[in-house]
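Q: Please take a close look at one part of this model. I want the packing first, then the charged pairs around it.

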Amino acid sequence: MKTLLATLTFSLLTTAVLAAPVTVDSCGKKITFDKMPERMIVHDINMADMAFALGLQDKMVGVTGISGWYKTSAEFDKRRGDIPELAPKYATLENLLAASPDLFFAGWYYGMKPGGDVTPDILLQHDIQTLVLSESCIHLNRDRPASSMDLLYDDILRLGKIFGKNADAQELVAGWKVELDDIKATVPTGQSKRVFLFDSGEDKPFTAGKYAIANAMIEAAGGTNITGDLDTSWGRTSWEAVAAANPEFLILLDYQGGDGAQGLLTFLKSHPVMKETLAVKNEAFVALRYEELTPGPANISAIGKIADAMNPEAF
């Protein structure tokens, strides 16, 4: 009887907590959930990883924007299970409405474009709330601080709050902070290397500016992002500016298709100005996947990979 009463009490308390209205911030706007979402759609592999980290697969009715761009892993595919992909790249409004979602977890240029047919305002007309990826808020609001790992921590905590998993979210964040502190403790001080992150682009390189979480990751690994003064999250610069900064280390995006990171290195070795930089001459680089350099659970281990590759003698 005591066990039964305890079980019933716990069940009632849990139901009460989950039934209470929950309000979270989404790019400066308050969004309120009167009940827990039951049909979430998640865009991008990095945001899907966030949802999986909290065990939210049973609340997901679809993902978008994965197979059209990115390599997955056996672990990701296992965690995704039978959750369908509704669109290989950007979803249309029709794609989303067909799945009858109550929440879309996406970001600006992470599944949504200003002026497009999939935006929070448009989705709200169909009774669909939108949780916007924090890193992407810079595209609509320039009054934001430079990137920090809080971009990851805050998004996980917001997901946890929405789905009644506050304790799980807090435990994840606490663990990541300990892991990050351990990595930082191994990084040599006073030896910050100049780092260039090469995503893509031949005429002009696409890279990480000061609002991208990758900028914070480079700093956490003991490096200096040579494009950290770009007033954006992700954007383009010139090869002349990159070469003038003479990077000592490269982060190369290992995309699906083509030759991946190795193809980017081959291009840099043949480029008239980049081939003279220290990083290219020494082939000093680390290859990382998209989900490792956009906000998501893979960020912390990726910082360790950057630090290790930049300072192998310290590890």
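How do the axes of helix 6 and helix 7 come together, and at what angle do they cross?

A: This is a predicted model, in which local features need pLDDT of at least 70, side-chain atom pairs count only at pLDDT 80 or more, and totals for chains, interfaces and linings use all residues. Residues are numbered from 1 along each chain as its sequence is written, and side-chain values use heavy atoms, with hydrogens and water left out.

Start with the geometry. Two packed helices are described by the angle between their axes and the distance between the axes. Helix 6 spans residues 150-162 and helix 7 spans residues 166-186. Their axes come within 7 Å and cross at roughly 160°. Axes here are lines fitted to C-alpha atoms, for helices over the stretch in contact, and angles run from 0 to 180 degrees between N-to-C directions. Helices (H or I, at least four residues) and strands (E, at least two) are DSSP runs, numbered from the N terminus. Helix 6 and helix 7 are therefore roughly antiparallel. The label follows from the angle: under 35 degrees counts as roughly parallel, over 145 as roughly antiparallel, 65 to 115 as roughly perpendicular and the rest as oblique.

Now the contact between helix 6 and helix 7. Helix 6 contributes L152, Y153, I156, L157, G160 and K161. Helix 7 contributes N166, A169, Q170, L172, V173, W176, K177 and L180. Contact means heavy atoms within 4.5 Å. By class, the residues divide into nine nonpolar, three polar and two charged. Ala, Val, Leu, Ile, Met, Phe, Trp, Tyr, Cys and Pro count as nonpolar; Asp, Glu, Lys and Arg as charged; the others, Gly among them, as polar.

I300, in helix 13, reaches both helices. Leaving out residues up to four places away in sequence, I300 touches M149, L152, Y153, W176, E179, L180 and I183. I300 is buried at 1% relative accessibility. Buried means under 20% relative accessible area, exposed over 50%, and partly exposed in between (1.4 Å probe, protein chains only). For scale, I300 and I66 are 234 residues apart in sequence and 21 Å apart in space, C-alpha to C-alpha.

Next, the charged pairs. The whole structure holds eight salt bridges. A salt bridge is a side-chain nitrogen of Lys or Arg within 4 Å of a carboxyl oxygen of Asp or Glu. One of them joins D155 and R158, at 2.4 Å from N to O. Both residues lie in helix 6, three residues apart, about one turn of the helix. D155 is buried at 0% relative accessible area. R158 is buried as well, at 11%. Leaving out residues up to four places away in sequence, R158 touches V24, D25, S26, L131, V132, L133 and S134.

Helix 13 has a charged pair too. K305 meets E292 in a salt bridge, 2.6 Å from N to O. This pair links distant parts of the chain: E292 is in helix 12 (residues 290-293) and K305 in helix 13 (residues 299-310), 13 residues apart. E292 is buried at 7%, whereas K305 is partly exposed at 40%.

A further pair is K281 with E276, the closest N and O atoms being 3.8 Å apart. K281 is exposed at 52%, and E276 is partly exposed at 47%.
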